[in-house]
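I opened a new page in my notebook for this structure. Here is what I looked up, entry by entry.

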Amino acid sequence: MASYSTNEFKGGLKVMLDGDPCAIVENEFVKPGKGQAFNRVKLRNLITGRVWERTFKSGESLEGADVMDLDMEYLYSDGEMWHFMKTDGSFEQYAVEKKALGDTVKWLKEQVAYTVTLWNDNAISVTPPNFIELEVVETDPGLKGDTAQGGSKPATLSSGAVVRVPLFINQGEILKVDTRSGDYVSRA
Amino acid sequence: MVTIMQETDWRPTASLETLRERARLLADVRAFFAQREVLEVETPVLGHGGSTDLHLASLSAEATTPAGRERLWLQTSPEFAMKRLLAAGSGPIFQLAHCFRDGEVGRRHNLEFTMLEWYRPGLSLDGLIEETVELVCRVLGRELGDEAGPLRRHRYRELFREHLAIDPFTTPLAELRRLAGERGGLSMAGAPRDDCLDLLMSLAIEPHLGREGIEVVVDYPASQAALARRHRDPEDGEWVASRFELYLEGLELANGYDELTDAAEQAARFAEDNAARRAAGLPEVDIDARLLAALAQGMPEGSGVALGIDRLIQLSLGKSSVAEVMAFATPRC
């Protein structure tokens, strides 16, 4: 891989830090008076998801990370691994570990495309689409005529996620949900 | 690295409204100096001497002159040429000068920027601090004692005691390296003393400065004197630099010196800088022989200050980066 100097660090660039692949979130050039210049850099560790704040002397460099984001359709789980297939027509499949799947496990639906992040050809994280349509499998009975009033109740979706929904929603309905916030958006 | 040109890349980085405001503020600056009978000058951007400062990267250009093909330096500040004017008897002078510092691009920096620099023969550093504060208030459109004031003044070492509970001059180097490394999340093993102090200043002190009005820092370490005189700290006789910096809202706006006028001392500092550059594996920079000749002939004692006018305009207009007050900021140049 190529290496990148601090002046090439920009949001989204993938680099190696302490043995882990990271994405640059923010890079700020700092220089006191006429002193030594530094770069204050925020990086997201792509394995743990944690954001690190590190300082580099300007001109230092980091090795690039062989990281790729690919669209893949969710197929099934065998209980141990979760299987995805590339959507480019190659039918190539990748098995994803629970650790890499993280919170996305509660947003899984067959035949939906997810963004799978590969590092050295291994899946390290899975990002769901921003909006997904899922069926309500369990919630308290809906209140008739209560469409205008506020108030909400929990509903369990077919993927396992629990979201707050308006009181008028019934079991069996398909809902549109924002996976970033976990918020109910509308009936689908 | 390949930069992909986007369709909007040709557009200015500042709005046209901002550029009109900028022009108005620059007219204010000129009026401020006209009232005080400080002469506006223009000196060359390209010169035979560059800045030897270890932490400034000078750009250079090849030019054909009557002397043949030679290397000329793009100024990092108009200091050398303006000092030659002072030695020639110009009296007080100011300049709005385009300056270049390689690699300096960020929210507060731009590769090419505008420096407001002025010199006051016969004026003390304290007198110049006062004038700088007045200029800053004028551009901000605020009165002293209003939002921008009252002025608070700190000695460099007091700030380190207050924010980090250490004395920057007497703390052992190993302890400074440990503290700087810890604050920055990096290894400072083998780092020189000034690098540790610079990092601590940037991370732990600067962000707090000027939050409730203008703050001025004085008495920098003697090793950071650049082109300023040195004097002894009355506290314990440590040598300190006769220099100030002015901060507002966490931004360093100005850097002023009680100017060094001794040609031999200046030559020694240039040589020291180039030795440090060699040791650090950096290219040496041609020394400005004409400046040394001017100092040898005699430059009047006095003080001078360089102020990042783009940053001041940024604060005055409530913008969040210098790019927003420049027509075409790097890399859209």
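Entry 1: I took helices (H or I, at least four residues) and strands (E, at least two) as DSSP runs, numbered from the N terminus. A note on what I am reading: this is a predicted model, where local features need pLDDT of at least 70 and side-chain atom pairs count only at pLDDT 80 or more, while totals for chains, interfaces and linings use all residues. Residues are numbered from 1 along each chain as its sequence is written, and chains are lettered from A and ligands numbered from 1 in the order in which they are written.

**Entry 2: the faces of H5(B).** Which residues of H5(B) are buried? I found B:Leu176, B:Arg177, B:Ala180 and B:Gly184. Buried means that 20 or more other C-beta atoms lie within 10 Å of a residue's own, exposed means 12 or fewer, and partly exposed is in between, with C-beta atoms placed from the backbone. On the face turned away from the buried side I noted the exposed residues B:Ala174, B:Glu175 and B:Glu182. Just after H5(B), B:Gly185 takes a positive phi of about 65°.

**Entry 3: where the chains meet.** I looked up the contacts and found 25 residues of chain B touching 18 residues of chain A; contact means C-beta atoms, placed from the backbone, within 7 Å. On the chain B side, helix H6 (193-205) and strand E11 (251-258) each supply at least two residues. The largest share, six residues, comes from H6(B).

Entry 4: Most residues other than glycine have a negative phi, and most peptide bonds are trans. I then looked at B:Ala165, which has a positive phi of about 55° and sits in the loop between helix H4 (156-164) and H5 of chain B. B:Ala165 counts as exposed because it has 9 C-beta neighbours inside 10 Å. B:Asp219, in strand E8 (residues 215-221) of chain B, has a positive phi near 60°. With 22 C-beta neighbours inside 10 Å, B:Asp219 counts as buried. Lastly, I noted a cis peptide bond between B:Thr330 and B:Pro331, with omega about 5°.

How values were computed. Contact = placed C-beta atoms within 7 Å.
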